[in-house]
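Thanks, everyone. I'll take a few minutes on one structure, starting with single residues and ending with a whole chain.

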Amino acid sequence: MLFHFQDISLESILLDEDFRISFHPEQRGLQGVREFGIVQPVILFPQKAEFLAVCGFRRVQAAKGAGMMRIPALVSRGLERKQTVLLSLLERLSHGPLNNMERARSVEKFSQNGWLKQEIGRYLFPLLELKFNAMVLDQLAALLGLPPEVQTDVASGEIHLYTAHRLAQWAPYELQIGRWFSDLKLGVNKQRELLGLMDDVARVCNVEKASLVQDLEEIRSRAEPVQVYDAWLQTLKSRRYPRFNEAQRQFEENKARFHLPGQIQIISPPFFEESRYKVSFPFGSREELELHCRKLLEIAETPEMEAILRLI
Amino acid sequence: MCQVRETYNQSRMKQYQPERIYVDPAVTDEPVTQYTLRQVPGIPVVYFQSREQLAELYASDTTLTEGKKQLVLTRHPGKFLKGCQGCTSSRVHCNYFTVTYATNCHLECTYCILQAYLNNPFMRVYVNVTDLLEELDAVFSQNPQGIYRVGTGELSDSLGLDHLTGISRWLIPFFGGRKNAVLELKTKTDNVANLLDMPANRNSVISWSINTATISSREEWKTATLEEKFEAARRCADHGYPLAFHFDPLVRYDNWEADYRALVDSVFDRFDPEQIAWLSLGALRFHKELRDVIRWRFPRSEILNGEIVRGTDSKYQYFKPIRVEMYARMLEWIRQHSSSTTVYLCMESQDVYRNVFNWTPSLRGDLGKYMDQGVLLTIRAPHDCGLQNVDCGMKISKQIRGCHCANRKYLGVNPWAEDRRRGRS
């Protein structure tokens, strides 16, 4: 028998988190403990005269909150710490997939309880449904240093693993930036793009992080929420890509001078990399087609068109 | 004479020594295996009993840095010869072929694509060289009219492991005297001892990727210094090998113009244009995946600092006007030394070619033909360029380059004439 069933005094159960994998973004207490007691025994690891919780942290806390003295428990017998942390993970996995904070905790707890790096790669990472490499290890480790509020957003999925890892490099502004992302409900790709640009602008343009964060905060305070992301992008890109930004400005300025009807669109190639612009317009009759074509022919010989063509 | 700035460690480059060697059971008796093991007495050797063990090794969680310290001798299961995969459909292809007899590189250049491309971290050598040579012989013989420019430096440094494997001792004699094939051994090392220990031939071009001292010291951690590369090139040229130089990657930074100009000058200060088979220019480019790897492995690297945007084929590169400016300046400096040296752009678009050379090659064909004809001139003796009915009209002062311009007339392509009209040379 690997476990021994017994009622254990709550006073003897330590809430040290040596084996704790679970991370609940919602800090709600367990329902029904006061009415029904602890229905499912917790799992404990004996440590001298006391016990460490392996599975059932919230049940122990709820029982203490309900004023209970003893709870039912399965106490491990002869299990090593290495096996115990695996048990904790498997028990947690039986309730559903892990969130990213739990993945990060798993790696930390496995490492602290005697698992070698190679073993973590071979046995733990498949359970975490992650590809094992040193970069992912670093990313997970970075999560544990984030402020608790940001960790909660990571656990709830509002902040992606990759973004969170990058956020960690923005101390002490991780919370502020993380809250921007959560409040604006930016998707992963948008978060990545913004953080990438922020990193670049800070490094390439030698802009102080504090100053950049302040600039972005000012934009946020002025703009409508739906416009904030675009406004940020424009600001960051103009700093990161000054020559491209200038080309884009020239393109837009010259295009505006054509006074084309709104239906006629001249579209520049991405980053002016290709050598062709695109023109699009709708038409439903020969007259409409001729009208649009005449308008385009009119602008073909203008200095503005010459300037636009020079950009590619 | 321009001085090459040398701000980094002047000590000689360290040759690669593995900490452990793994031997695939399929190649235990291969000559290259035996040769390699003789070069590294005292290094632990693990003889695998089955290929499954090898697969397990590949699937292990070894990091790239650790994997590079371990050498795997194994067999290439498929075709060695492939068309160069570097160019996507929107780039001008030069009809280059690659042979992969090794994968991975120990030189630790921050911008190296292999960091994000290879599917295992080990230094791997495909030692079944006899299979390789049989395959090449069959291909070259089946198409005697074709021209094969074959490089070996796509997934590894061509000479990085040559002191251990001696593969150049097989390849160089094999290519020697062939009418339709040229081998390019592309390196960032000065590992040329084997090359100097056998007769040279004009079918084997030894080439170096070179960069400014600033970039070399900052972004190329374990390569030979520029002086070491030049010294090795000098010895190869004196021995009779044609040379090539790749200014790649061109990186934009504060003092790039002065530094790259000095670099170009230093090439032509040391070598006659007649000794140089071709020069290539390639601005920094990389896949998205590599960007994250660079940031993670080399957090202090400044290679990503330029105005780098996403290109048409998802590769990241400098904003087009910046690339054009860099290429044009490089070409101008090269043409100040030589009006006839073959220069091409690596993995560039037709647009950029037009802006730099005032010449728009087709995506597939023109550049390859142009390069192939240059190759014929490189490998054949003077007055034997194969264009019997064309009077080149050039005074043949030195070997090899004598009737080069006639060849370009024959091709109907003479981009350099356009350079001259635009006052670039």
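Arg169(B) sits in helix α7 of chain B, which covers residues 168-175. Before going further: this is a predicted model.

For a separation across the fold, take Gly42(B): 127 residues from Arg169(B) in sequence, and 24 Å from it in space, C-alpha to C-alpha.

Next, Val127(B). This residue is in a loop of chain B, between strand β7, residues 123-126, and helix α5, residues 129-142. Val127(B) is buried, since its relative accessible area is 0% and the cut-off for buried is under 20%. Setting aside residues up to four places away in sequence, its contacts are Val27(B), Glu30(B), Val32(B), Thr33(B), Leu73(B) and Thr74(B). Thr165(B) is 38 residues from Val127(B) along the chain, and their C-alpha atoms are 8.2 Å apart.

Thr223(B) has a relative accessible area of 9%, so it is buried. Which residues does it touch, with those up to four places away in sequence not counted? Met13(B), Leu107(B), Cys109(B), Lys188(B), Ser216(B) and Lys229(B).

Now chain A as a whole. It has 15 helices and seven strands. A compact globule of 312 residues would have a radius of gyration near 20 Å, whereas chain A comes out at 29 Å. The C-alpha trace of chain A spans about 90 × 40 × 35 Å along its principal axes.

Of the 312 residues in chain A, 44% are buried. Taking the contacts in chain A between residues at least 6 apart in sequence, 70% link residues at least 24 apart. The accessible surface is about 16,800 Å², with 52% of it belonging to carbon and sulfur atoms.

Last, charge. Chain A carries 40 positive and 41 negative side chains, and the centres of these two sets are 4 Å apart.

That's what I have.

Terms used: Residues numbered from 1 in each chain as written. Chains lettered and ligands numbered in written order. Predicted model: local features only at pLDDT ≥ 70, side-chain atom pairs only at ≥ 80, totals over all residues. Heavy atoms only, no water. Helix = DSSP H or I, 4+ residues; strand = E, 2+ residues; numbered from the N terminus. Rg over C-alpha atoms; globule rule 2.2 N^0.38 Å. Buried < 20%, exposed > 50% of the residue type's maximum accessible area, 1.4 Å probe, protein only. Contact = heavy atoms within 4.5 Å. Areas by Shrake-Rupley, 256 points an atom, 1.4 Å probe, with all protein chains shown as cover. Lys, Arg positive; Asp, Glu negative; His and termini not counted. Charge placed at Lys NZ, Arg CZ, Asp CG, Glu CD.
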